[in-house]
Amino acid sequence: MLLACDEPVEHILIVGVDEAGRGPLAGPVCAAAVILDPERPIAGIGDSKTLSAGRRERLETLIQEQALAWAVAWASVAEIDQLNILQATLLAMQRAVAALSIQPTRALIDGNQCPALSIPAEAIVGGDGVIPAIGAASILAKVARDRLMCELDAECPGYGFAQHKGYPTRAHREALVRLGPSRWHRRSFAPVRAVLGHD
């Protein structure tokens, strides 16, 4: 399917793209793009959500060392609030692909929508579990965002960012009511709007 084109197979460079952080109430959304080296397969790559934190971090190192190219990019909380989370996610994906040191010829995107790219792109629902390049991107995005949220926990103590990574757990919602939103909270999201009295 993906090889039905006029390009020689050896010239096809497929980039996998995925995101982390669409659902949280706080923090930016992160996207990663990875071009794996077909000569250096990496065992154990899959959907980052199914892997332990330690396993993700070990795979992050392998991916960064062995991939032909990789990049991580972000869309800020302000961009999420201005554009909406879907458009901000697609923007982060665009930025990740644009930041690659090698220009890919095809893009495989996890999910059901593709960002606007200068190369052909295909959206694959559940792609992070079946396409190694997307799984690799899932891992890089998840590790990068989790790391950032741990750093923000030190900046904004009391919310528990290091534990829930900004997701709307009961502890996070209770802290949000008790402390009010931090500068890292997404004011366009309903639970944050409610605390601000905008609903």
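Let me start with a term: buried means under 20% relative accessible area, exposed means over 50%, and partly exposed lies in between, using a 1.4 Å probe and protein chains only. This is a predicted model, where local features need pLDDT of at least 70, side-chain atom pairs count only at pLDDT 80 or more, and totals for chains, interfaces and linings use all residues. Residues are numbered from 1 along each chain as its sequence is written, and side-chain values use heavy atoms, with hydrogens and water left out.

First, one residue. Is Ala 73 buried or exposed? Ala 73 is buried, because its relative accessible area is 7%. It belongs to strand 3, residues 69-75. Helices (H or I, at least four residues) and strands (E, at least two) are DSSP runs here, numbered from the N terminus. What does Ala 73 touch beyond four places in sequence? Its partners are Val 29, Cys 30, Ala 31, Ala 92, Arg 95 and Ala 96. Contact means heavy atoms within 4.5 Å.

Five strands form an open sheet in the order 3-2-1-4-5, with mixed pairing. Strand 3 and strand 5 (121-124) are at the edges, each with a single partner strand, so one side of each has no neighbour in the sheet. Neighbouring strands are turned by 20 degrees against each other on average, direction ignored. Two strands pair if DSSP finds at least two bridges between them. As background, strands of a sheet pair through backbone hydrogen bonds, either parallel or antiparallel.

Take the pairs in turn. Strand 1 and strand 2 run antiparallel, joined by five bridges. Ala 20 has Cys 30 of strand 2 as its bridge partner. Strand 1 and strand 4 are parallel, over four bridges. Ala 107 has Ala 121 of strand 5 as its bridge partner. Strand 1 is mostly covered, with five of its seven residues buried.

Next, helix 3. It lies across strand 1, strand 2, strand 3 and strand 4, at about 35 degrees to strand 2. For such angles, axes are lines fitted to C-alpha atoms, for helices over the stretch in contact, and angles run from 0 to 180 degrees between N-to-C directions. Buried residues in helix 3 include Ile 85, Leu 90, Met 93 and Val 97. The buried residues of helix 3 pack against strand 1, strand 2, strand 3, helix 2 (77-83) and strand 4. At the start of helix 3, a side-chain oxygen of Asn 84 comes within 3.1 Å of the backbone nitrogen of Leu 86.

Last, the cores. A nonpolar core is a set of buried Ala, Val, Leu, Ile, Met, Phe, Trp, Tyr and Cys residues joined through side-chain atoms within 4.5 Å. Which residues of the largest core touch the most other members? Of its 26 residues, they are Val 15, Val 17, Val 29, Ala 33, Ile 80, Met 93 and Leu 100. Two or more residues each come from strand 1 (14-20), strand 2 (29-35), strand 3, helix 3 (85-98) and strand 4 (106-110). Helix 3 gives the most, with seven residues. A second, separate core has 19 residues, including Ala 20, Cys 30, Ile 42 and Ala 144. Back to Leu 100: leaving aside neighbours within four places in sequence, Leu 100 contacts Val 15, Ala 33, Ile 35, Ala 69, Trp 70 and Ala 71.

Note on methods. Polar contact = N/O pair within 3.5 Å; in protein donor to acceptor, adjacent residues only side chain to side chain.
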